[in-house]
Amino acid sequence: MDQNNTFDHVFTYNLSNNLSLKQNFQLISQGSEAKVYKGEFLGKPSILKERFVKKYRHPELDKSLTCERIRAEVRALNKCHEAGIKCPAVYFADLESRCIILQEITNSITVKEYLKSILENQDSIEIDTLSPLARKIGSSIAKMHKNELVHGDITTSNILLKTDKLNEFSSADDYEVYFIDFGLAKRDIVAEDKAIDLYVLERVISSSHPNADKFYTAILGEYMRVPGNQSKAVADKLEEVRARGRKRTMVG
């Protein structure tokens with residue numbers, strides 16, 4: 001099967017020929033790459049992600065890059081499902097309208113929101129409180145990397161906790177960890193790509209959640225315990241990536 005011309009297991013649907021479909025969605029956010037809408041698709045709570053035109057690019061180049069990013073995102077999500085990593089299901093994708101329609105992960109909060117809610121009542125986070133969550137995140141990232149896939153933007157905003165007991169759960173059995181926003185995901189990776197994935201999460205936790213440093217240490221510890229994941233090579237590359245990051249900070 002030619003991966004350049006197909007979506008793996010995804011039915012393509014021309015949204016541009018059904019404008020009423022998009023009218024069922026409301027804009028909820030806009031980033032540097034896409035607009036994100038929330039609504040319903042075929043009666044299911046859904047998220048519509050629309051990659052907009054970059055006018056500074058040549059039109060043909062912009063179209064080519066956008067189509068490739070959509071293909072890569074769809075394949076990454078399907079790969080995660082095959083590997084048993086929880087992430088949104090892809091309902092439909094259409095290259096012409098630059099859109100993907102995804103499952104909305106209902107009854108969920110971001111890890112960023114969860115950590116913030118804890119820190120509102122505490123000066124620091126006891127690692128025992130977060131160990132089950134750290135283990136789930138670390139093992140999931142390891143499983144992702146073991147299947148030769150990097151997320152590209154693992155932040156606490158792109159990891160969801162799905163539960164029926166929002167703000168009340170106390171054990172790992174009370175929630176499931178979902179990864180979202182695979183817009184920068186890629187396959188055919190090396191140890192350094194995996195190290196960069198981990199470094200992005202480390203930097204986000206240290207900057208956005210400065211009192212939760214032990215949380216990242218626990219995530220990394222669980223990641224390194226998963227066998228068959230080039231742990232030694234990734235650890236060595238992570239030190240190199242950290243060193244480059246420190247050098248850039250010093251130079252400014």
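Entry 1. I took rings of Phe, Tyr and Trp (its six-membered ring) to pair if their centres lie within 6.5 Å. The model I consulted is a predicted one.

Entry 2. I looked up the pair of Phe 41 and Tyr 91. Their ring centres are 6.5 Å apart with 20° between the planes, and the pair is stacked. I then placed both residues in the chain: Phe 41 belongs to strand β2 (residues 34-41) and Tyr 91 to strand β4 (residues 90-94). The pair thus links distant parts of the chain, 50 residues apart.

Entry 3. I checked the accessibility of these two residues. Phe 41 has a relative accessibility of 4% and counts as buried. Tyr 91 stands at 19%, and I recorded Tyr 91 as buried too, because the class covers values under 20%.

Entry 4. I turned to the pair of Phe 41 and Phe 92. I noted 4.4 Å between the ring centres and an angle of 80° between the planes, so this pair is edge-to-face. Because Phe 41 lies in strand β2 and Phe 92 in strand β4, the contact ties together parts 51 residues apart in sequence. For Phe 92 I found a relative accessible area of 15%, which means that this residue is buried.

Entry 5. I asked which residues the ring pairs link into a cluster. They are Phe 41, Tyr 91 and Phe 92.

Entry 6. I also looked up a charge over a ring. Lys 136 lies over the face of Tyr 175, and I recorded 4.8 Å from the ring centre.

Methods:
Residues numbered from 1 in each chain as written. Predicted model: local features only at pLDDT ≥ 70, side-chain atom pairs only at ≥ 80, totals over all residues. Heavy atoms only, no water. Phe/Tyr/Trp six-rings, centres within 6.5 Å; stacked < 30°, edge-to-face > 60°. Helix = DSSP H or I, 4+ residues; strand = E, 2+ residues; numbered from the N terminus. Buried < 20%, exposed > 50% of the residue type's maximum accessible area, 1.4 Å probe, protein only. Lys NZ or Arg CZ within 6 Å of the ring centre and 35° of its normal.
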